[in-house]
Amino acid sequence: MSATETTQPEFTGWRAALWPIHNHELKKFLPLALIMFCILFNYTLLRDTKDTIVVNSAGAGAISFLKLYCVTPAAILFVILYAKLTNILSRENVFYAVVIPFLAFFGAFAFIIYPNLEALHPSAESIAALKIAHPALIGFIDIYAYWSFSLFYVLSEIWGSAMIALMFWQFANHVVRMRESKRFYGLFAVIGNVSLIVSGQLVRYCSEDIKQFYATPEEAWQMSLYLLMGSVVVFGVLAMMLYRWMYTTVLTDKRFFDPEEAGVPKKKKEKPSLMESMKLILRSPELGLIALLIMAYGVTINLVEVQWKNQLGLYFAGDKGGYNAFMGNFSTISGLFTIMFGLFLGSNILRRVSWFTAAVITPLVITLGGVIFFAFIFAKEWVDFILQAMATSPVAAASFLGAGIVILSKGIKYILFDSTKEMAYIPLDDELKTKGKAAVDVIGGRAGKAGGAFVQSNLQMVLAATAVTSGANIVSVTAPYAFGIFAIVCVLWLYAVKGLSKKVTAAVARRAEETKKAI
């Protein structure tokens, strides 16, 4: 530890609350924050666009099949390829090797694939014949019928898991010191979520405002894809330029990065294979508990989101422009909330309270919000007096209440859940922070989402006859059973946070003792 770092004064007043970054640290902090900005900007564009494309073509029912049978295998394949890349390429070149294929596809989708859908997709007649012949396989037939949309959905989902959870945070954990993380990590999410405001309004403009310049909605939508996917490519290239600048300008300065302090060996060691990484997870209680946290979040938020999107679809009743514009505004409000929460509460919570207190807030908020939301869906008699006071319908109330709960949950997730999860990695050795993290974050995250999709799809199959007999919406029929599973997972999540808290405290104390002895 340098003398400069030990003699720096404590922050006071508003500076301590809103901007606890030393001036000399801006050279390291700002490019990292801008990389997150670019990644989250693309993530928002892709997230909103993929839902609009799939829901308005194959239907919302296809989402569960895509997540379970397409996204999960693709995530596993990605981890295998990533492990291979880390064995043959440097840490820096792995980033480029991962990002460039994504950007190439998203650009090709807008400018090559979408304009030629009639030639590339199977005919409507052949798909109709398949559905008549194999009614039990309609979900899979829809994936095939709109294969380019399905591929777009899958790669958009992988972008979120790979680029945010793995590529950015693994790089941040590699270059950010433990003493810096409590000040940096909360603000990373704050600055990164400014992108939600910008990208959300871009989505809204492309969904509604741009229509006035074109004769037909399809022409307007084609231009929307040009603008949206062109932006994805531009911001992806910008992220790579910032990443390169970090390696050439920041990581060469020992004030900001010391390979020995970061746990990087002087001599290159042979990196473990994917199977060895999985063994590391099984041998490490810390990694196992982190994986449980990620899976619990994935399952609970998926159960809430599927029900919310179903209510939203019922509310807009096929209005494609209205649906996408709503999602654009949803992204903007999400960004605003995350920034305000991060500035005034999140970063201060991370610095002022214990790891357990900061980590337990996310499951508590999702548990309480989920209980309230599900009550508006399947327990209307409990909230009938509220609906009467608001002079609104259950569908409208559930649509807007669900949006509010998802915004609150994801804002807290970005600031507190992600930050505390990443802090739990820092005291671990370098081997666990690389291959182990890759398996935990990507496969664990996908397992959580796939678990939610598995529950939803199986509930729909089991209760299909009931829905047909009653004429009710199938997703709404599954709501009481989905809530039961939601409650069980929330309880397991809380127990996992408590268990991991003990491990983190012990690991930090052990690392501090080792550092003290070294000094």
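I take helix axes as lines fitted to C-alpha atoms over the stretch in contact, with angles from 0 to 180 degrees between N-to-C directions. The model I looked at is predicted: local features need pLDDT of at least 70, side-chain atom pairs count only at pLDDT 80 or more, and totals for chains, interfaces and linings use all residues. Residues are numbered from 1 along each chain as its sequence is written, and side-chain values use heavy atoms, leaving out hydrogens and water.

**Whole chain**

I found 22 helices and zero strands in the protein chain; helices are DSSP runs of H or I with at least four residues, strands runs of E with at least two. I noted that 55% of the 519 residues count as buried, meaning under 20% relative accessible area with a 1.4 Å probe. For contacts (heavy atoms within 4.5 Å) with a separation of 6 or more, I read that 84% join residues 24 or more positions apart.

**H3 and H12**

I looked up helix H3 (residues 26-55) and helix H12 (residues 217-250), whose axes come within 9 Å and cross at roughly 155°. H3 and H12 are therefore roughly antiparallel to each other, a term for angles over 145 degrees. I sorted the residues of the H3 contact with H12 into 23 nonpolar, six polar and two charged.

**Val306**

I located Val306 in helix H14 (residues 285-316). Val306 counts as buried because its relative accessibility is 16%. Leaving out residues up to four places away in sequence, I found that Val306 touches Gln456 and Val475. I also noted 9.8 Å between the C-alpha atoms of Val306 and Ala479, which are 173 residues apart along the chain.

Terms used. Buried means under 20% relative accessible area, exposed over 50%, partly exposed in between (1.4 Å probe, protein chains only). Angles under 35 degrees count as roughly parallel, over 145 as roughly antiparallel, 65 to 115 as roughly perpendicular and the rest as oblique. Ala, Val, Leu, Ile, Met, Phe, Trp, Tyr, Cys and Pro count as nonpolar, Asp, Glu, Lys and Arg as charged, and the others, Gly among them, as polar.
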